[in-house]
Amino acid sequence: MSDIPGVIVAGTHSGVGKTTTTLAILAGLEQRCDVQPAKAGPDFIDPMHHQAVADQPSRTLDPWLQGNDGMYRQYQRFGGDLCVIEGMMGLYDGTETSTAEVARGLDLPVILVVDANACMESVGAIALGFDQYDDVNIVGIIAQRAHGGKHEEGIKRSLPEEIEYLGRVPPNDDLAIPDRHLGLTYGADSIIGTDTLNKITETLAIERIRSLAQPPADRQTANKAQQRTNTGKTVAMACDEVFSFYYPETVTKIRSTGELKLFSPVAGDEVPNADVIYLPGGYPELQAKKLADSQTLDEIYTRSVNGTPTYAECGGLMTLAEEIVVTDQSNLTPGHYEMAGVLPAKITFDGNREALGYTELQAVKKTAVTDKGKKYRGHEFHHSKAHPGPDARYVFDVKQGTGINDSQDGLTEYNTVGAYTHFHPASEIFDQLVNYA
């Protein structure tokens, strides 16, 4: 078990520049040590950015999805010399959990990112207010969009003694990371250039940030066996530019219990011979024409009808439906695109957000991934809407969240389940899938 020091990069609000700042810190530390990136809260896109800079998968820390004990055990499995955790939203924002909850749960120091554009001494007031609001250990601030000279000196003078000035991110249009409808755009699409990141690291106190990191406080957790029995089963997992919303921990879990084989529906790959098929989330609406023409979807249909346990999340659910209808309001090429046809539903996409947040679902039946009556926690964020047919059968009652129709989520046919909710491997969904096969 690991006990590496860590630090959390939090923000005063969403959009303040946490990702840019985190990437710059990772770039500076990556030249000095073996740095482990992580993300507070459910996210697939920010971790792609992290991995591109740190050259290793970014891990998830979330007390809602993992529980406090599970989050601590997850941290204890981290390798490397230092962990840098990017927060979510503003430091204290979040109904079920927040960056502050992660900081308290692990007792890690926090660096607060503050927007210093059009203010100077007020940065100190903001930092002091955040520090005194709750019992989170804010050790320093980084000033976003701050100039040098008098601007920087004024910010330094404004800070209370217990909060250090750890540098600035200068105003620069090249630092903008374009948004996409589910959050920041894919990491591989528009990573901030290496030269630009290196210039930012010159205005950050990288060595001081490294020295401020602390190991998490020791805590006793309930015993939970980490040793997994190899089932000898094989999982065929879709993985390409569409099917990319999955946790690295999911891959680790699958490989610890069996063999993982990857394939690309967008490229028209043959589905590997496997006991289980898994379709993660992503953006099928962006490649709807290629998917509609892909022989892979025909193979998935045949395997599903023949009883192969198949599990799909969000974009995977959309792909298993009868068709995706992209409307004129979507800013994409409109059209009707035939999908795999495993699940009795039509999907419409108009670009409007349908759901965002944590979910809690209760299984109403036993399936390849669920035990009847058991509750599962996850999260959802999607801009499509499912229109199930009158013969649709559901897997979950929605206790919290939106799901497919506010009260139900998870369509099922044969041994196939497709849901809008994304599940973290801590939910045991993937254990059950492999064991069922």
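The legends below describe several close-up views of a predicted model.

The structure is a predicted model in which local features require pLDDT of at least 70 and side-chain atom pairs count only at pLDDT 80 or more, while totals for chains, interfaces and linings use all residues. Residues are numbered from 1 along each chain as its sequence is written, and side-chain values use heavy atoms, with hydrogens and water left out.

**View 1. Helix 1 and helix 2 pass each other in a right-handed crossing.** Helices (DSSP runs of H or I, at least four residues) and strands (runs of E, at least two) are numbered from the N terminus. The axes of helix 1 (residues 18-30) and helix 2 (residues 45-54) come within 9 Å and cross at roughly 20 degrees. Axes are lines fitted to C-alpha atoms, for helices over the stretch in contact, and angles run from 0 to 180 degrees between N-to-C directions. The two helices, helix 1 and helix 2, are therefore roughly parallel to each other; angles under 35 degrees count as roughly parallel, over 145 as roughly antiparallel, 65 to 115 as roughly perpendicular and the rest as oblique. A crossing is right-handed if the near helix is turned clockwise from the far one by less than a right angle, and left-handed if anticlockwise. Helix 1 contributes Thr19, Thr22, Leu23, Leu26, Ala27 and Glu30 to the contact, and helix 2 contributes Asp46, His49, His50, Val53 and Ala54; contact means heavy atoms within 4.5 Å. The residues of this contact between helix 1 and helix 2 comprise 5 nonpolar, 4 polar and 2 charged. Here Ala, Val, Leu, Ile, Met, Phe, Trp, Tyr, Cys and Pro count as nonpolar, Asp, Glu, Lys and Arg as charged, and the others, Gly among them, as polar.

**View 2. Helix 1 also meets helix 8 (residues 194-201), with axes that come within 8 Å.** The axes of helix 1 and helix 8 cross at roughly 85 degrees, and the two helices are therefore roughly perpendicular to each other. Thr20, Leu23, Ala24, Ala27 and Gly28 of helix 1 meet Leu197, Ile200 and Thr201 of helix 8. The residues in this contact of helix 1 with helix 8 divide into 5 nonpolar, 3 polar and no charged.

**View 3. Helix 4 (residues 99-106) is mostly covered.** The buried residues are Thr99, Ala100, Val102, Ala103, Gly105 and Leu106. These buried residues of helix 4 pack against strand 1 (6-11), strand 2 (35-40), strand 3 (59-61), helix 3 (63-76) and strand 5 (110-115). The axes of helix 3 and helix 4 come within 10 Å and cross at roughly 35 degrees, in a right-handed crossing. Pro63, Asn68, Met71, Tyr72 and Tyr75 of helix 3 meet Glu101, Val102, Gly105 and Leu106 of helix 4. After helix 4 comes aspartate 107, with a positive phi near 55 degrees.

**View 4. An open sheet of 4 strands has the order 17-16-18-21.** The pairing in this sheet is mixed; two strands pair if DSSP finds at least two bridges between them. Strand 17 (335-338) and strand 21 (384-388) stand at the edges with a single partner strand each, so one side of each has no neighbour in the sheet. From one strand to the next, the twist averages 20 degrees. Strand 16 (residues 323-326) and strand 17 run antiparallel and are joined by 4 bridges. Glycine 335 in strand 17 stands opposite valine 326.

**View 5. Strand 23 (residues 408-413) pairs with strand 24 (residues 416-419) in the antiparallel sense.** Strand 22 (residues 394-400) is antiparallel to strand 23, with 3 bridges joining them; aspartate 397 has glutamine 408 as its bridge partner in strand 23. Strand 23 and strand 24 also pair over 3 bridges, and glycine 418 in strand 24 is the bridge partner of leucine 411. The hairpin of strand 23 and strand 24 has 2 residues between the strands, and tyrosine 414 in this hairpin takes a positive phi near 55 degrees.

**View 6. Leucine 320 is found in helix 13 (residues 315-320).** Leucine 320 counts as buried because its relative accessibility is 1%. Its C-alpha atom is separated by 5.3 Å from that of valine 342, which is 22 residues apart from leucine 320 along the chain. Beyond neighbours within four places in sequence, leucine 320 is in contact with residues including Leu279, Ile300, Val342 and Thr416.

Methods
Buried < 20%, exposed > 50% of the residue type's maximum accessible area, 1.4 Å probe, protein only.
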